[in-house]
Amino acid sequence: MERYVCIHGHFYQPPRENPWLEEVELQDSAHPFHDWNMRINEECYRQNAASRILGPDRKIIDIVNNYSNINFNFGPTLLSWLELHEPDVYDLILEADKISMEKFSGHGAAIAQVYNHMILPLANTRDKHTQVIWGIEDFVSRFDRQPEGMWLPETAVNTDTLEVLAEHGIKFTILAPHQAQKFRRIGTGRWVDVKKDNLDITMPYLCYLPSGKTISLFFYNGKVANDVAYGGLLHDGKGFADKLIGAFNNSKNEAQLMHIATDGESFGHHHRHGDMALAYCLHYIKTNNLAKITIYPEYLEKHPPTHEVQIAENTSWSCAHGIERWRSNCGCSGDKTLSGKQQWREPLRNSLDWLRDKLAENYEQNLAQYSSNPWQVRNEYIKVVNDRSEDNVNDFIKKVTNPSGSEQIAELDLPDKIKFLKLMESQRMSMLMFTSCGWFFDNMTGITTLQVLQYAARAMQLYHELTGTDLLDQFKEIIIKAPANILNITNGKEVYEQFVEPTRIDLNRVGAHIALSSIFMDSLEDEQDIYCYTIKISDFKDARAGFQKLATGRISIKSNIILEEHSVDFATLHLGAHNLFTAIESTRNEEEFQQIRNELETALYNGQTNDVMRQINVKFSRHSYTIWHLFKDEQRRLVYDLLKSTWDNAETSFRHIYEDNYSIMLMLRNMNMNLPKVLAAPAEFIINQDLFREIQDDNMNLGRLKELTDEAGRLDLQLDKETLRFEASAKINNLMETFESANIDWVNDDIELLSTIESALKILKGIVPDMDLQLAQNILFTIGKEKYPQMKEKASQQNEEAAKWISLFELVAEHLGIVI
């Protein structure tokens, strides 16, 4: 009996980009990271790209790329983010697919995913096709091959969905066992109804479709997959392996595939060190010859289906009620106490279905001016989404608006190009607003639901610009029927008005962002890219009167998404602290602009602040903005700068309390008495601040670090372990990167740096024993294989420097838990 094991990881994050900026903004809930993509990357995606295997003594004996040993998919929008922000992790994912082809008979470990995780059984036919086409095209552009399989979001499936997959050349997909309805051996007449445990999930099945096409289906082991996600199975790699091997049917003589599918984030994000459990599990199975590690396409080639299956229509892996979680109050929820309180899901679905249809009608009518096949153009638009360079955009427009290549059809002028791109973007937003996570969780104010509403807002804005008709009131009439399920907010209309409308951005607001920011900049570049906009600042001038500051200038803004351009004049006034506002107006003639500037500066220099404000309101009557209108990252940075003196004063007060009452606090602790809050809080603040600063300092004082940690222990103070872990991990990893880059001639500087790293590890591990030192471990592991033997040889020849290097290197390896 041949036994095979396959583990599938579904690696995915919902698109989090601000639809007006095309970047992920600051997300406080992901602290100490900038946003959730960044946090989950560090906790999971990076970890799996270089996962550690431990030996019996709990020391690292190998580092492996898990992606090359499992079946996996990455969401296309997540890969786009990784490519831009974490290119080293992105490259390792692509490299893993190439390595896997050498391991698995020419088959790659990666499969495609439906583009933005839309629930396909709830999508119309056009959207089904575009989502699959975009998923395939995105995959090909990255992995440089056609995908053999495709992941369905939430494994949500019906026959129409499988027809679309098959039509576009997809050979297989993966489902949960309860999604099979009937099965039989191919060529026999009797169907068997699927009941509990009577479906053999150790083999693939063939599904014959009404069109005459077929697609293969794998039904994963639900019990083991559930234990991975929720049952603590990732606490122990050997236990994980034993569970997989124990699931084989020893009485079956044919080849068997023991396989599971689970969220890839289980391996590191949901379960810390889950990547290591995965790595050790596969290592243990392979080295003990318990089974052959494989991936779905390889197994499918070696063992084609002998049985066929009919699916249970409109089912998924994460809703016991089929696909109701994404359209009704079915009872599924993350917080079980909120089960049955998601009445908002249906009105949200209805409002977005209505909006989708309005957008589609406008798109079809207006794009017909440029192409006889608007929906084919949309299917091909992924080529622009993945490459926004102006040359590529222009080439695409030329190709799809002139498919025959006839010279008689003139190239579109700029206004028509802008209209064309607005139509295309309205359709991209129309699909993004159906990302499944918008319905998955428990209330309408969750970040994933607000995200899909932002896509809807952007789509309606584009519709308004294209047609002059505002859909917002009609949209609100539908979404008002959604109960908000949160204190102080009644319905979906209020959610939209409070959380979504304020995020809306136009070119004037982009100009205001630059104008507000400019007053705090020492120098301004003539041209710069701000998110997806190119900005040109001209004729900038600032004037000061004490702490008051006035800035005036002219800004040209160009959207790199839709090529639209806009120019404004601005006047910004800062009266100190957070009292900052700006006003903008469409560009005037030069003489008028200079006259306004002179009048404003004269009033400022004369101390007539009220007159400055009055003139700004009169001369720039249409658009005024405050610090509130800055984009989130710059807003946070600016607020922190403005509040620096306030925080400095608070820190000074806390330091006085800490130092003046130090002896009293020591006395209380020596008497085994808890510190009162009024003393403990300032002391904790000061100790944590001093620790952060010392760790961040380029010339970190190790003695001072030890003093601070000893002090925290003596006073029994609570340290901010999460932030300290973040900072300490970054410090050690940075020191190791410096060591790696300088590690050429093994000079005395290397010895000094190794000594610093060793001492820092000894002290910092005492503060935060659970640092994330993956990068440092990877570097040391590589150096240990490549350079350590050379230095060992030199040391054996009585080279004192080499002997010192070896001694320190081994101490660092001990701290990092690595076997040399």
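**Cysteines and salt bridges in a predicted model**

Start with Cys6: its relative accessibility is 1%, so Cys6 counts as buried. Buried here means under 20% relative accessible area; exposed is over 50%, and partly exposed is in between, with a 1.4 Å probe and protein chains only.

A word on the basis. This is a predicted model, where local features need pLDDT of at least 70, side-chain atom pairs count only at pLDDT 80 or more, and totals for chains, interfaces and linings use all residues. Residues are numbered from 1 along each chain as its sequence is written, and side-chain values use heavy atoms, with hydrogens and water left out.

Back to the cysteines. How many disulfides does a search of the whole structure find? The count is 0. A disulfide would be a pair of cysteine sulfur atoms within 2.5 Å. Cys6 is in none; its nearest cysteine sulfur belongs to Cys281, 12 Å away.

Now the charges. The structure holds 58 salt bridges. A salt bridge is a side-chain nitrogen of Lys or Arg within 4 Å of a carboxyl oxygen of Asp or Glu. I have picked a few.

First pick: Arg39 with Glu43. Their closest N and O atoms are 2.9 Å apart. Both residues sit in helix H1, residues 36–49, and are 4 residues apart, about one turn of the helix. Helices are DSSP runs of H or I, at least four residues, numbered from the N terminus; strands are runs of E, at least two. Arg39 and Glu43 are both buried.

Next, Glu465 and Lys422. Their side chains meet in a salt bridge at 2.9 Å, N to O. This pair links distant parts of the chain: Glu465 is in helix H16 (residues 447–467), Lys422 in helix H14 (residues 414–432), 43 residues apart. Is each end buried or partly exposed? Glu465 has 39% relative accessibility, so it counts as partly exposed. Lys422 is at 7%, so Lys422 counts as buried.

Then Lys549 and Asp542. This salt bridge spans 3.6 Å, N to O. Lys549 is buried, because its relative accessible area is 6%. Asp542 is partly exposed, because its value is 32%.

Last item: a network. Salt bridges that share partners join Glu651, Arg655, Asp690, Arg693, Arg704 and Glu707 into one network.
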